[in-house]
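Take a look at the structure, try each one yourself, and then check the solution.

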Amino acid sequence: MELCTITSKGYWDKMYDQDCVMLLTHLALKYPEYTKLATQGRGRLRYKYLDNSLIEAGESLSIKDVFKAAAAVQPDCIILPDVFRDGAGTIAAIEEATNYLEANGFEREYCYMGVCHGKDRKEFRETYEYLNAHPYITHIGIPKVITTWTSRASLFDIWGSTEKYVHFLGAWESLAEIRELPDEVRAKITSIDTCLPELIALQGKAPDEEREGTIDLEEEYRLDLGAYEKIMDIANEWCRME
(Lines give C-alpha, C1' and ligand atoms only; values in the text may rest on other atoms or scores of the structure.)
Protein backbone atom coordinates (compact mmCIF):
# COMPACT_ATOMS: atom_id res chain seq x y z
CA MET A 1 0.00 0.00 0.00
CA GLU A 2 1.41 3.35 -1.05
CA LEU A 3 1.09 6.48 1.08
CA CYS A 4 0.14 9.85 -0.44
CA THR A 5 0.91 12.66 1.98
CA ILE A 6 -1.09 15.87 1.56
CA THR A 7 0.84 18.92 2.76
CA SER A 8 0.19 22.62 3.25
CA LYS A 9 1.31 25.45 1.00
CA GLY A 10 4.86 25.86 2.25
CA TYR A 11 5.58 22.15 1.86
CA TRP A 12 3.80 21.08 -1.33
CA ASP A 13 7.13 19.80 -2.67
CA LYS A 14 7.22 17.18 0.12
CA MET A 15 4.30 15.35 -1.50
CA TYR A 16 6.60 14.30 -4.32
CA ASP A 17 8.91 12.39 -1.97
CA GLN A 18 6.31 9.60 -2.28
CA ASP A 19 5.62 7.44 -5.33
CA CYS A 20 2.00 8.59 -5.60
CA VAL A 21 0.46 12.00 -4.99
CA MET A 22 -3.05 13.23 -4.19
CA LEU A 23 -3.78 16.60 -5.80
CA LEU A 24 -6.76 18.85 -5.10
CA THR A 25 -8.82 20.57 -7.77
CA HIS A 26 -9.36 23.84 -5.89
CA LEU A 27 -5.62 24.28 -5.34
CA ALA A 28 -4.78 23.40 -8.94
CA LEU A 29 -7.20 26.07 -10.14
CA LYS A 30 -5.83 28.73 -7.79
CA TYR A 31 -2.05 28.32 -7.58
CA PRO A 32 0.26 28.19 -10.64
CA GLU A 33 3.10 26.94 -8.43
CA TYR A 34 0.96 23.97 -7.42
CA THR A 35 0.43 22.91 -11.02
CA LYS A 36 4.09 23.54 -11.86
CA LEU A 37 5.22 21.08 -9.19
CA ALA A 38 2.82 18.49 -10.62
CA THR A 39 4.14 18.69 -14.17
CA GLN A 40 7.86 19.32 -13.82
CA GLY A 41 10.76 17.37 -12.32
CA ARG A 42 9.63 14.64 -9.95
CA GLY A 43 6.00 15.55 -10.60
CA ARG A 44 6.18 14.03 -14.07
CA LEU A 45 7.35 10.71 -12.61
CA ARG A 46 4.74 10.21 -9.89
CA TYR A 47 1.36 8.50 -10.07
CA LYS A 48 -1.10 11.35 -9.54
CA TYR A 49 -4.66 11.30 -8.29
CA LEU A 50 -6.82 14.42 -8.70
CA ASP A 51 -9.49 14.87 -6.05
CA ASN A 52 -12.67 16.88 -6.54
CA SER A 53 -12.04 18.85 -3.29
CA LEU A 54 -15.28 17.77 -1.62
CA ILE A 55 -13.88 17.95 1.93
CA GLU A 56 -12.00 21.22 1.41
CA ALA A 57 -14.72 23.04 -0.58
CA GLY A 58 -17.72 21.61 1.29
CA GLU A 59 -19.03 19.90 -1.85
CA SER A 60 -17.52 18.39 -4.96
CA LEU A 61 -16.41 20.92 -7.52
CA SER A 62 -18.09 20.52 -10.90
CA ILE A 63 -16.86 17.92 -13.34
CA LYS A 64 -15.95 20.78 -15.70
CA ASP A 65 -13.74 22.35 -13.03
CA VAL A 66 -12.14 18.98 -12.30
CA PHE A 67 -11.28 18.53 -15.98
CA LYS A 68 -9.95 22.08 -16.16
CA ALA A 69 -7.63 21.24 -13.26
CA ALA A 70 -6.75 17.93 -14.90
CA ALA A 71 -5.53 19.71 -18.01
CA ALA A 72 -3.15 21.67 -15.77
CA VAL A 73 -1.78 18.90 -13.51
CA GLN A 74 -1.97 15.92 -15.89
CA PRO A 75 -3.22 13.28 -13.42
CA ASP A 76 -3.36 9.54 -13.94
CA CYS A 77 -6.66 9.12 -12.09
CA ILE A 78 -9.55 11.52 -11.48
CA ILE A 79 -11.91 11.18 -8.51
CA LEU A 80 -15.42 11.64 -9.85
CA PRO A 81 -17.88 13.88 -7.97
CA ASP A 82 -19.35 12.40 -4.79
CA VAL A 83 -21.80 13.47 -2.10
CA PHE A 84 -20.66 13.31 1.53
CA ARG A 85 -22.21 10.40 3.48
CA ASP A 86 -24.75 9.84 0.69
CA GLY A 87 -24.60 6.72 -1.44
CA ALA A 88 -27.62 7.51 -3.61
CA GLY A 89 -26.48 11.10 -4.07
CA THR A 90 -23.03 9.89 -5.08
CA ILE A 91 -24.49 7.50 -7.65
CA ALA A 92 -26.56 10.36 -9.12
CA ALA A 93 -23.45 12.59 -9.25
CA ILE A 94 -21.47 9.88 -11.04
CA GLU A 95 -24.29 9.35 -13.52
CA GLU A 96 -24.15 13.06 -14.36
CA ALA A 97 -20.36 12.89 -14.64
CA THR A 98 -20.65 9.81 -16.87
CA ASN A 99 -22.85 11.77 -19.26
CA TYR A 100 -20.17 14.45 -19.38
CA LEU A 101 -17.43 11.89 -20.10
CA GLU A 102 -19.43 10.35 -22.92
CA ALA A 103 -20.48 13.67 -24.42
CA ASN A 104 -16.85 14.80 -24.59
CA GLY A 105 -15.18 11.53 -25.53
CA PHE A 106 -13.37 11.30 -22.18
CA GLU A 107 -14.40 7.74 -21.28
CA ARG A 108 -10.80 6.47 -21.44
CA GLU A 109 -8.94 9.77 -21.14
CA TYR A 110 -7.96 9.02 -17.52
CA CYS A 111 -8.52 6.36 -14.93
CA TYR A 112 -11.56 7.20 -12.80
CA MET A 113 -12.30 6.63 -9.12
CA GLY A 114 -15.78 6.40 -7.65
CA VAL A 115 -16.19 7.01 -3.91
CA CYS A 116 -18.14 4.36 -1.98
CA HIS A 117 -20.32 6.28 0.46
CA GLY A 118 -22.94 4.83 2.77
CA LYS A 119 -24.46 5.50 6.19
CA ASP A 120 -24.76 1.77 6.93
CA ARG A 121 -23.76 -1.59 5.44
CA LYS A 122 -26.80 -1.77 3.18
CA GLU A 123 -26.20 1.64 1.59
CA PHE A 124 -22.46 1.01 1.36
CA ARG A 125 -23.07 -2.30 -0.42
CA GLU A 126 -25.50 -0.70 -2.88
CA THR A 127 -22.97 2.01 -3.73
CA TYR A 128 -20.18 -0.55 -4.03
CA GLU A 129 -22.18 -2.75 -6.41
CA TYR A 130 -22.87 0.26 -8.64
CA LEU A 131 -19.21 1.33 -8.68
CA ASN A 132 -17.91 -2.18 -9.21
CA ALA A 133 -20.12 -2.62 -12.28
CA HIS A 134 -19.41 0.82 -13.78
CA PRO A 135 -17.55 0.42 -17.10
CA TYR A 136 -15.33 3.51 -16.77
CA ILE A 137 -14.45 3.29 -13.07
CA THR A 138 -11.05 1.70 -12.49
CA HIS A 139 -10.61 2.60 -8.80
CA ILE A 140 -12.96 2.39 -5.82
CA GLY A 141 -12.31 4.93 -3.08
CA ILE A 142 -13.37 4.13 0.48
CA PRO A 143 -13.74 7.40 2.40
CA LYS A 144 -12.52 8.07 5.93
CA VAL A 145 -16.01 9.16 7.05
CA ILE A 146 -17.00 5.47 7.04
CA THR A 147 -14.99 5.12 10.26
CA THR A 148 -17.59 7.23 12.12
CA TRP A 149 -19.87 4.16 12.12
CA THR A 150 -17.58 1.18 11.45
CA SER A 151 -14.03 0.36 10.44
CA ARG A 152 -13.26 0.20 6.74
CA ALA A 153 -11.61 -3.17 7.30
CA SER A 154 -14.92 -4.53 8.69
CA LEU A 155 -16.46 -3.99 5.24
CA PHE A 156 -13.79 -6.11 3.53
CA ASP A 157 -16.37 -8.84 2.91
CA ILE A 158 -18.11 -6.35 0.59
CA TRP A 159 -15.23 -4.65 -1.23
CA GLY A 160 -12.49 -7.24 -0.88
CA SER A 161 -13.52 -9.22 -3.97
CA THR A 162 -13.31 -6.35 -6.45
CA GLU A 163 -10.88 -6.57 -9.34
CA LYS A 164 -10.61 -2.79 -9.42
CA TYR A 165 -7.95 -0.82 -7.55
CA VAL A 166 -8.90 0.19 -4.00
CA HIS A 167 -7.84 3.51 -2.47
CA PHE A 168 -8.48 4.62 1.11
CA LEU A 169 -9.48 8.28 1.04
CA GLY A 170 -8.00 9.94 4.10
CA ALA A 171 -7.52 8.85 7.70
CA TRP A 172 -10.11 10.10 10.18
CA GLU A 173 -8.53 10.50 13.63
CA SER A 174 -5.03 8.99 13.55
CA LEU A 175 -2.62 6.90 11.51
CA ALA A 176 -3.20 3.93 13.82
CA GLU A 177 -5.84 2.61 11.41
CA ILE A 178 -3.03 1.79 8.95
CA ARG A 179 -1.03 -0.14 11.56
CA GLU A 180 -4.08 -2.11 12.69
CA LEU A 181 -5.21 -3.30 9.25
CA PRO A 182 -5.31 -7.09 8.89
CA ASP A 183 -2.67 -8.31 6.45
CA GLU A 184 -5.19 -9.48 3.82
CA VAL A 185 -6.91 -6.09 3.91
CA ARG A 186 -3.67 -4.10 3.64
CA ALA A 187 -2.57 -6.28 0.71
CA LYS A 188 -5.75 -5.38 -1.21
CA ILE A 189 -5.37 -1.61 -0.81
CA THR A 190 -3.41 0.16 -3.54
CA SER A 191 -2.91 3.46 -1.71
CA ILE A 192 -4.09 5.81 1.02
CA ASP A 193 -3.89 9.61 1.21
CA THR A 194 -3.82 11.75 4.33
CA CYS A 195 -2.75 15.12 5.69
CA LEU A 196 -2.14 13.65 9.16
CA PRO A 197 1.66 13.35 9.02
CA GLU A 198 2.04 17.12 8.78
CA LEU A 199 -0.84 17.86 11.14
CA ILE A 200 0.35 15.63 13.96
CA ALA A 201 3.93 16.83 13.47
CA LEU A 202 2.66 20.40 13.90
CA GLN A 203 0.83 19.31 17.06
CA GLY A 204 3.82 17.42 18.47
CA LYS A 205 1.95 14.14 18.58
CA ALA A 206 3.00 10.54 17.99
CA PRO A 207 1.86 8.83 14.76
CA ASP A 208 -0.83 6.79 16.53
CA GLU A 209 -2.21 9.67 18.61
CA GLU A 210 -5.50 11.29 17.64
CA ARG A 211 -5.36 14.63 15.86
CA GLU A 212 -6.85 17.88 17.15
CA GLY A 213 -8.79 19.85 14.56
CA THR A 214 -7.57 19.90 10.98
CA ILE A 215 -5.05 21.59 8.71
CA ASP A 216 -5.45 24.56 6.37
CA LEU A 217 -3.71 23.54 3.17
CA GLU A 218 -3.39 27.19 2.08
CA GLU A 219 -1.68 28.27 5.31
CA GLU A 220 2.11 28.57 5.50
CA TYR A 221 3.10 26.86 8.75
CA ARG A 222 6.50 26.47 10.38
CA LEU A 223 6.96 22.72 10.34
CA ASP A 224 9.62 20.73 12.19
CA LEU A 225 10.80 18.74 9.18
CA GLY A 226 12.70 16.29 11.36
CA ALA A 227 9.54 15.38 13.26
CA TYR A 228 7.57 15.19 10.02
CA GLU A 229 10.11 12.86 8.39
CA LYS A 230 10.09 10.53 11.42
CA ILE A 231 6.29 10.29 11.23
CA MET A 232 6.49 9.64 7.48
CA ASP A 233 9.03 6.86 8.03
CA ILE A 234 6.74 5.15 10.53
CA ALA A 235 3.62 5.63 8.39
CA ASN A 236 5.40 4.23 5.32
CA GLU A 237 6.55 1.24 7.37
CA TRP A 238 2.98 0.58 8.52
CA CYS A 239 1.73 0.81 4.92
CA ARG A 240 4.18 -1.89 3.85
CA MET A 241 3.80 -4.30 6.77
CA GLU A 242 3.32 -7.94 5.82
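**Exercise 1.** With the side chain of which residue does the side chain of R179 make a polar contact of 3.0 Å?

*Solution.* Keep in mind that we're working with a predicted model.
- Start by finding R179: look in helix α8, which covers residues 176–179.
- Next, follow its side chain to D208, where the two side chains make a polar contact at 3.0 Å.
- There's also a polar contact of 3.3 Å between the side chains of R179 and E180.

**Exercise 2.** Which residues does R179 contact once you skip its neighbours within four places in sequence?

*Solution.* 
- Setting those neighbours aside, you're left with R186, D208, W238 and M241.

**Exercise 3.** Is R179 buried, partly exposed or exposed?

*Solution.* 
- The relative accessible area of R179 is 31%.
- Buried would need under 20% and exposed over 50%, so R179 counts as partly exposed at 31%.

**Exercise 4.** How many disulfides does the model have?

*Solution.* 
- A disulfide is a covalent bond between the sulfur atoms of two cysteines.
- The count here comes to zero.
- Take C195: the nearest cysteine sulfur belongs to C4 and is 13 Å away. The cut-off is 2.5 Å, so C195 is in no disulfide.
- As for accessibility, C4 is buried at a relative accessible area of 0%, and C195 is buried at 17%.

How values were computed:
Residues numbered from 1 in each chain as written. Predicted model: local features only at pLDDT ≥ 70, side-chain atom pairs only at ≥ 80, totals over all residues. Heavy atoms only, no water. Helix = DSSP H or I, 4+ residues; strand = E, 2+ residues; numbered from the N terminus. Buried < 20%, exposed > 50% of the residue type's maximum accessible area, 1.4 Å probe, protein only. Contact = heavy atoms within 4.5 Å. Polar contact = N/O pair within 3.5 Å; in protein donor to acceptor, adjacent residues only side chain to side chain.
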